[in-house]
Amino acid sequence: MKRKKIIKIGIITAVAGIVIAGAIGLYMFNMPHRDVLSAKADFSLTSSQIVTEYLADASAANEKYLAADGDSKVLEITGTVNKISDDFDGKKVVLLKDGSDKAGVSATFTPETNANAEKLQVGQSITIKGVIRSGAAYDSDLELYENVILEKSDIVTK
Amino acid sequence: MKKLVLVVIAAVLFAGFSANGQSKLVSSKSHIKFFSTTPAEDIEANNTTSVSTINPSTGEIVFSVPMQGFEFEKALMQKHFNGKDFLNTKEFPKAKLTGKITNIDKIDFSKDGTYDAHVEGELTIKGVTKPVHEMGKITVTGGKVDASSKFNITLADYGITFVKGKPSTNIAKTVEVTLQAEYAAQ
């Protein structure tokens, strides 16, 4: 009798374990992407500030802003709209850059936030939130200054 | 008199520019796709954040690719991709192609048409540089220049190897890269 009970409990535990492991596995497999748009910004700065920070010490800036798993810092960047364009997926790309700066912040919007970017005009001062993908740098092969890249962007109204 | 001086300066400058040939073409509108196929599954990642330049006189071509800009359908795959064992994108945030279009003399950037481009150069991924020799196409339409190419990358060449677990069965040893970029004069 006692032995049967132990076996029964054992089987129940094993089955429960398998179900839980399966559920975690399934969750991990279908884990949703981080919702950058509703995430709180980790840092709030101007386009000039982050460009200056990257041009002064790119590795220190990467250490501060980039995450090893790609879920890097969410930034709120304030600056002047320098250019509005489209990428190959039809997403709006807004470049924030102050006249005297060598590089700016290029922010790619999403299908959900595109409409907000369409209302912008060159010269306007705005704040954009997005996840940083890479920093600003002078590239001697391109012979150009590369912009800071943000994705999953939207306009922040304060 | 002042006017004449200006005209002369302008003429000299113009002559200087002409002698230098065409100005560099710059692209900040691009699309790079990774595609891996195995019997287990197909995996795709897309990136629209690269910057590229072509020098129409010398044929020099450069692509700078922010690695964290690759987006996957599944969030977990994206995390793995960025992680230390795969692309280690925190330490190596950019991949780069530097090369030369060896048959640049056959490409007329002032005439509409589609031209084959032979590119020889070096590709750096995860800090490892390897020689590459690929074929691409340059399309000129009304002053607009497009470049496209499709080639394969063997992951092990760049120190990306999986010996066990799901990645070793679900990620192809060789992935197909498709790239497209639209250029404008600088």
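Select helix α3 of chain A: its buried residues pack against α2 and β5 of chain A. Helices (H or I, at least four residues) and strands (E, at least two) are DSSP runs, numbered from the N terminus. Two residues are in contact if their C-beta atoms, placed from the backbone, lie within 7 Å. This is a predicted model, in which local features need pLDDT of at least 70 and side-chain atom pairs count only at pLDDT 80 or more, while totals for chains, interfaces and linings use all residues. Residues are numbered from 1 along each chain as its sequence is written, and chains are lettered from A and ligands numbered from 1 in the order in which they are written.

Within α3(A), pick A:Ala61, A:Asn62 and A:Tyr65, the buried residues of the helix. A residue is buried if 20 or more other C-beta atoms lie within 10 Å of its own, exposed if 12 or fewer, and partly exposed in between, with C-beta atoms placed from the backbone.

Next, display the whole of chain A. Four helices and eight strands make up its elements, which run α-β-α-α-β-β-β-α-β-β-β-β from the N terminus on. The radius of gyration of chain A, taken over C-alpha atoms, is 23 Å, well over the 15 Å that the globule rule gives for 158 residues, so chain A is more spread out than a compact globule. That rule is 2.2 Å times the number of residues to the power 0.38. Along its principal axes, the C-alpha trace of chain A spans about 85 × 35 × 30 Å. Of the 158 residues of chain A, 32% count as buried.

Now select A:Val94, A:Leu96, A:Ala107, A:Val148 and A:Leu150, which have the most contacts inside the largest nonpolar core, a group of 27 residues. A nonpolar core is a set of buried Ala, Val, Leu, Ile, Met, Phe, Trp, Tyr and Cys residues joined through C-beta atoms within 7 Å. Elements that each supply at least two residues of this core include α2 (47–56), α3 (58–65) and β8 (148–155) of chain A. Centre on A:Leu96: not counting residues up to four places away in sequence, its contacts include A:Ser47, A:Ile77, A:Val81 and A:Ile128. A second, separate core of 25 residues includes B:Phe63, B:Met77, B:Ala95 and B:Ile104.

Move to helix α2 (residues 75–82) of chain B, where B:Met77, B:Gln78, B:Lys79, B:Phe81 and B:Asn82 are buried. Among the elements covering these buried residues are β2 (42–47) and β5 (71–72) of chain B.

Then show both chains: 26 residues of chain B are in contact with 26 residues of chain A. On the side of chain B that touches chain A, α2(B) gives the largest share, five residues.

Finally, select B:Glu182 in strand β10 (residues 174–185) of chain B. Is B:Glu182 buried or partly exposed? With 19 C-beta neighbours inside 10 Å, B:Glu182 counts as partly exposed. Leaving aside neighbours within four places in sequence, B:Glu182 is in contact with B:Ser27, B:Lys29, B:Lys144 and B:Asp146.
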